[in-house]
Amino acid sequence: MSQKSDILVNEIFTDSVSMGIRVSKQLYSEESEFQRIEVFESPDLGRFLMLDGDILFSEADEFIYNEMVTHVPMAVHPDVKRVLIIGGGDGGVAREMTAYPEIESIEVVEPDEQMVEVCKKYFPEASKGFDDPRVHIVHQDGLRYLRGREDEFDIIINDATDPFGHTEGLFTKEFYGGCFRALKKDGIMIYQHGSPFFDDDEESFRAMHKKVFSVFPISRVYQANIPTCPSGYWLFGFASKKYHPLDDFDPVRWKKRKIKTYYYTTNLHRGAFMLPKYVEDILEEEEGKLSIKEGK
């Protein structure tokens with residue numbers, strides 16, 4: 001593959017907004033069974049991975065996403081033994097989970113085998129979690145994997161990319177219902193919630209919250225600032241059968257672990273659930289619609 005210099009790579013956010021990244025070279029570009037996978041080298045971001053033209057993560061900021069989907073639920077749930085990661089083919093979430101010795105099994109369900117191999121080659125720091133003997137990779141569709149499973153997992157993390165293409169089924173009410181059944185009676189589900197900052201993304205953001213809120217008794221949203229995400233602002237969902245992300249949060253227990261982080265702190269944990277007014281308004285509006293529909 002020829003390597004070009006000074007290429008400008010653009011990710012399109014809306015019809016009128018995009019983010020341009022100047023790269024020094026392209027390291028990989030192939031079409032897998034599911035998506036186009038590209039790896040670039042950037043002077044400022046290091047290596048970054050693009051799927052079908054969208055940036056999944058960069059070496060410079062992947063720690064933010066991976067820490068926030070891992071340590072938030074782990075600082076709340078008091079007894080985690082089995083973890084399921086839907087997606088997660090880069091290995092970053094699995095890597096963070098391996099910091100917890102009490103976890104006995106980490107199942108990574110990633111249909112795209114080619115993506116896993118690319119990440120092992122070009123992103124060894126993220127994918128090193130795959131080397132832990134507790135981590136098992138299953139190359140299967142996440143929705144299909146969940147069917148028939150009940151009361152198996154303490155934490156499920158939906159690390160799928162977005163509600164389009166081959167991962168569209170992982171953002172449906174059927175999928176969230178499958179997660180609910182597969183979780184134990186005190187289980188927690190974490191999922192990426194996107195960002196409603198751009199109008200083009202608000203509809204999927206609303207639909208996602210409405211589906212999860214209708215399935216789980218506890219449903220909250222929290223935030224992080226991730227430079228390579230659209231608008232640099234990203235949200236996550238915390239859905240639980242029993243535990244509240246703040247009322248059941250145990251910072252003392254988590255600090256005793258002495259896990260090294262670069263973004264997550266117990267103070268940030270609390271602050272991440274304090275959302276901007278426009279986000280609160282959207283969430284409350286969708287919850288209100290459901291309450292009217294259900295006669296509450």
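1. Threonine 228 sits in the loop between E12 and E13 (helices, H or I of at least four residues, and strands, E of at least two, are DSSP runs numbered from the N terminus). Threonine 228 is buried, its relative accessible area being 4% (buried is under 20%, exposed over 50%, partly exposed in between, with a 1.4 Å probe and protein chains only).

2. What does the side chain of threonine 228 make a polar contact with? The partner is the side chain of aspartate 61, at 2.6 Å (a polar contact pairs N or O atoms within 3.5 Å; within protein, one must be able to donate a hydrogen and the other to accept it, and residues adjacent in sequence count only if both atoms are side-chain atoms). Setting aside neighbours within four places in sequence, threonine 228 is in contact with Glu11, Met19, Leu45, Ile55, Ser58 and Asp61 (contact means heavy atoms within 4.5 Å).

3. A word on the basis: this is a predicted model, where local features need pLDDT of at least 70 and side-chain atom pairs count only at pLDDT 80 or more, while totals for chains, interfaces and linings use all residues. Residues are numbered from 1 along each chain as its sequence is written, and side-chain values use heavy atoms, leaving out hydrogens and water.

4. E12 and strand E13 (residues 233-240) pair in the antiparallel sense over 8 bridges (strands pair if DSSP finds at least two bridges between them). Asparagine 225 stands opposite tyrosine 233 in E13.

5. These strands belong to an open sheet of 7 strands with mixed pairing, in the order E9-E8-E7-E10-E11-E13-E12. Its edges are strand E9 (135-138) and strand E12 (218-225), each pairing on one side only. From one strand to the next, the twist averages 20° (axes are lines fitted to C-alpha atoms, for helices over the stretch in contact, and angles run from 0 to 180 degrees between N-to-C directions). Helix H7 (residues 199-215) packs on this sheet, touching strand E11 (183-194), E12 and E13, and its direction makes about 175° with that of E11.

6. Another open sheet has 4 strands in the order E3-E4-E5-E6, with antiparallel pairing. Strand E3 (25-31) and strand E6 (54-58) are at the edges with a single partner strand each, so one side of each has no neighbour in the sheet. Strand E5 (residues 46-51) pairs with E6 over 4 bridges, and leucine 49 stands opposite phenylalanine 57 in E6.

7. Do look at helix H1 (residues 62-74) too. Of its 13 residues, 12 are buried, so H1 is largely enclosed by the rest of the structure.

Key:
The expected span of a helix is 1.5 Å times one less than its number of residues.
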